Amino acid sequence: GDWRLEGVEPVSGDVGDLLAQAQGGGDVLIYVHGFKQTFETAALDAANLSDGIKFRGRTMVFSWPSKAGFLDYAYDRESAMWSRDGFERVLNSIVGAPGAGRTHIVAHSMGTMLTLESLRQLYARHGDSVVGRIGSVVFAAPDIDTRRFVDELGRYVDIVDRVTIAANLNDSALRLAHIVHRASRA
């Protein structure tokens with residue numbers, strides 16, 4: 001579709017409270033953007049994704065402060081990791097919301113690290129009580145060290161219904177990450 005962002009309206013309060021007030025309830029899809037994305041491009045990507053897969057629940061975007069520049073990789077990496085507590089709070093709110101369905105996550109690029117860290121924190125806080133609350137998790141072009149990705153995923157795979165990994169071998173951002181880290185990316 002021809003999506004555009006008309007405006008941004010800040011709200012206060014808990015995400016779970018906002019979802020409870022919204023009509024319909026049900027499942028939630030969260031898009032976690034990656035390297036070199038603005039809030040606007042992340043919101044548009046989330047809308048296109050939700051529309052493209054015909055998602056029937058609520059769609060959200062978790063946006064962390066990216067400089068959105070090709071040469072700002074280190075800044076974006078730090079910003080993504082700095083945002084993990086915020087994303088864990090969002091996940092806590094959704095998982096704990098009365099009548100909420102399952103939470104599905106699509107993490108792109110650097111959003112992979114942020115998502116894995118937040119799932120780790122969520123599991124540390126709630127343990128097995130979150131089993132069944134997290135549905136599908138998709139890691140698109142995951143920008144994370146291959147060994148770390150496998151180790152992290154192995155720890156939390158029990159709380160996720162399904163994991164999908166999508167990657168493009170010609171991804172220029174992942175090639176840059178490979179050079180910066182001197183290690184293969186998942």
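Predicted model: local features only at pLDDT ≥ 70, side-chain atom pairs only at ≥ 80, totals over all residues.
Local features were taken at pLDDT of at least 70 and side-chain atom pairs only at pLDDT 80 or more, whereas totals for chains, interfaces and linings use all residues. Residues are numbered from 1 along each chain as its sequence is written, and side-chain values rest on heavy atoms, with hydrogens and water left out.

Five strands, in the order S2-S1-S3-S4-S5, form an open sheet with parallel pairing; strands (E, at least two residues) and helices (H or I, at least four residues) are DSSP runs numbered from the N terminus, and two strands are taken to pair if DSSP finds at least two bridges between them. Strand S2 (58-62) and strand S5 (160-166) stand at the edges with a single partner strand each, so that one side of each is left without a neighbour in the sheet. From one strand to the next the twist averages 15°, with axes fitted as lines to C-alpha atoms (for helices over the stretch in contact) and angles running from 0 to 180 degrees between N-to-C directions. Between strand S3 (residues 100-108) and strand S4 (residues 134-140), the parallel pairing extends over five bridges, and Ala-107 has Phe-139 in S4 as its bridge partner.

Helix H2 (residues 39-52) packs on this sheet and touches strand S1 (26-32), S2 and S3, its direction making about 150° with that of S2, where contact means heavy atoms within 4.5 Å. Helix H4 (residues 84-96) lies across S1, S2, S3 and S4 and runs at about 170° to S1. Phe-39, found in helix H2, is partly exposed at 38% relative accessibility (buried means under 20%, exposed over 50%, and partly exposed in between, with a 1.4 Å probe and protein chains only). Together with Leu-5 and Val-8, Phe-39 forms a nonpolar patch on the surface.

Three salt bridges are found in the whole structure, each defined by a side-chain nitrogen of Lys or Arg within 4 Å of a carboxyl oxygen of Asp or Glu. Arg-125 and Glu-88 form one of them, with the closest N and O atoms 2.9 Å apart; this pair links helix H5 (residues 111-126) to helix H4 across 37 residues. Arg-125 is exposed at 55%, whereas Glu-88 is buried at 5%. Asp-161 and Arg-102 approach to 2.2 Å between their closest N and O atoms, linking strand S5 with strand S3, 59 residues apart.

Methods: Patch = residues over 30% accessible without salt bridge, like charges linked within 9 Å, V, L, I, M, F, W, Y side chains within 5 Å. Areas by Shrake-Rupley, 256 points an atom, 1.4 Å probe, with all protein chains shown as cover.
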